[in-house]
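This report goes through selected local features of one structure.

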Amino acid sequence: MKKGIGFAAWLLSAAFVFSGCASDKPASGSQDVKQSVTSSMEKEQEPSKLLSASENGEVELFETTNGVIVDVNGSQKKFDWKILKGVSNPQVFYVDLTGDGKEEAVIIMVTGYGTELDTNEAHILNGENLAEIKIQSVEEILAGIETEVNQKGGELLIKTKAQGKEYKFSKKISELALAHDPDDQFENKLYFGNVILNNVKDQKLTVNIVGSVRPIDGVLPEYVCTVHVTYKYDQALNEFAADQIQITSE
């Protein structure tokens with residue numbers, strides 16, 4: 001981690017006092033955070049490890065004993081985000097997502113990984129003051145999506161509706177990934193949550209949410225569709241909200 005230039009003891013002490021006062025203020029954004037913004041002359045003095053950086057090094061993400069430190073062009077802020085062990089390091093971007101000509105820091109962190117489980121979450125920070133910008137949650141997005149699963153013999157008839165548009169497709173039970181018996185019975189709605197993947201593409205934040213059918217007597221889900229969401233920045237609310245939603249069959 002980069003070290004600040006040494007100053008007289010009284011100046012350094014004053015800097016820490018100021019930093020401590022700043023941490024008492026509530027953070028902006030969807031996560032509760034411990035604020036500690038510092039300049040390039042006043043770096044966090046605690047053990048840390050560099051995890052990831054943006055392509056040209058403008059944004060660096062450090063892991064500490066009880067959270068992370070994000071460094072954007074020399075200014076730092078501490079957050080209590082948890083790093084999942086044994087998975088790939090977070091993705092870090094420095095890109096203009098708000099459309100104001102100024103880049104934001106974007107950090108995408110793995111939150112779940114295992115059998116039939118693959119999830120991550122995104123954090124977006126203002127590139128100047130490192131305040132976190134709210135992102136509409138997946139739960140809020142899914143609350144506006146209607147799903148229906150009807151079983152007709154050995155076939156599942158699936159209907160979904162998002163932003164006023166209806167999507168219909170079918171799946172033969174015998175052709176599902178786990179090769180179920182055509183006589184198996186399935187729940188009458190789709191389930192979400194096992195696969196949630198955020199990404200940055202073409203200066204847009206996106207998230208893919210996989211939908212699955214669930215056998216009444218089964219355990220593992222069967223993936224049948226993906227909800228593709230593209231976020232758009234709402235300047236009035238200072239929030240990224242779902243703008244375009246499309247649903248495709250697997």
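Where is Leu130 found? Leu130 sits in the loop between E7 and strand E8 (132-135). The model is predicted.

## Residues with positive phi

Most residues other than glycine have a negative phi. Leu130 is a residue other than glycine with a positive value, its phi being near 65°. Leu130 counts as buried because its relative accessible area is 0%, and the cut-off for buried is under 20%.

Gln203 is not a glycine either, and its phi is positive at about 60°. This residue belongs to the loop between strand E12 (191-201) and strand E13 (204-213). With a relative accessible area of 48%, Gln203 is partly exposed, since the class of exposed residues starts over 50%.

Strand E7 covers residues 117-126 and includes His123. Is His123 buried or exposed? His123 is buried, because its relative accessible area is 1% and buried means under 20%.

The side chain of His123 has a polar contact with the side chain of Glu132, at 2.7 Å.

## The four-stranded sheet

An open sheet is formed by 4 strands, with antiparallel pairing and the order E1-E2-E3-E4. Its edge strands are E1 (48-53) and E4 (75-79), each of which pairs on one side only. From one strand to the next, the twist averages 25°.

How many bridges join E3 to E4? Strand E3 (residues 67-72) is joined to E4 by 5 bridges, and these two strands run antiparallel.

How many cavities of 30 Å³ or more does a search of the whole structure find? The search finds 1. The largest cavity holds about 40 Å³ of space.

Which residues line the largest cavity? The lining consists of Ile83, Leu84, Val87, Ser88, Asn89, Pro90, Met109 and Val110. By class, the lining of the largest cavity has 6 nonpolar residues, 2 polar residues and no charged ones.

Methods: Residues numbered from 1 in each chain as written. Predicted model: local features only at pLDDT ≥ 70, side-chain atom pairs only at ≥ 80, totals over all residues. Heavy atoms only, no water. Buried < 20%, exposed > 50% of the residue type's maximum accessible area, 1.4 Å probe, protein only. Polar contact = N/O pair within 3.5 Å; in protein donor to acceptor, adjacent residues only side chain to side chain. 1 Å grid on protein atoms, 1.4 Å probe; cavity = no way out; pocket = protein on both sides within 12 Å on 5 of 7 lines; lining within 4 Å. Points joined across faces, edges and corners; volume = space filled by probe spheres on them. Nonpolar A, V, L, I, M, F, W, Y, C, P; charged D, E, K, R; others polar. Pairing = 2+ DSSP bridges. Axes fitted to C-alpha atoms, helices over the stretch in contact; angles between N-to-C directions.
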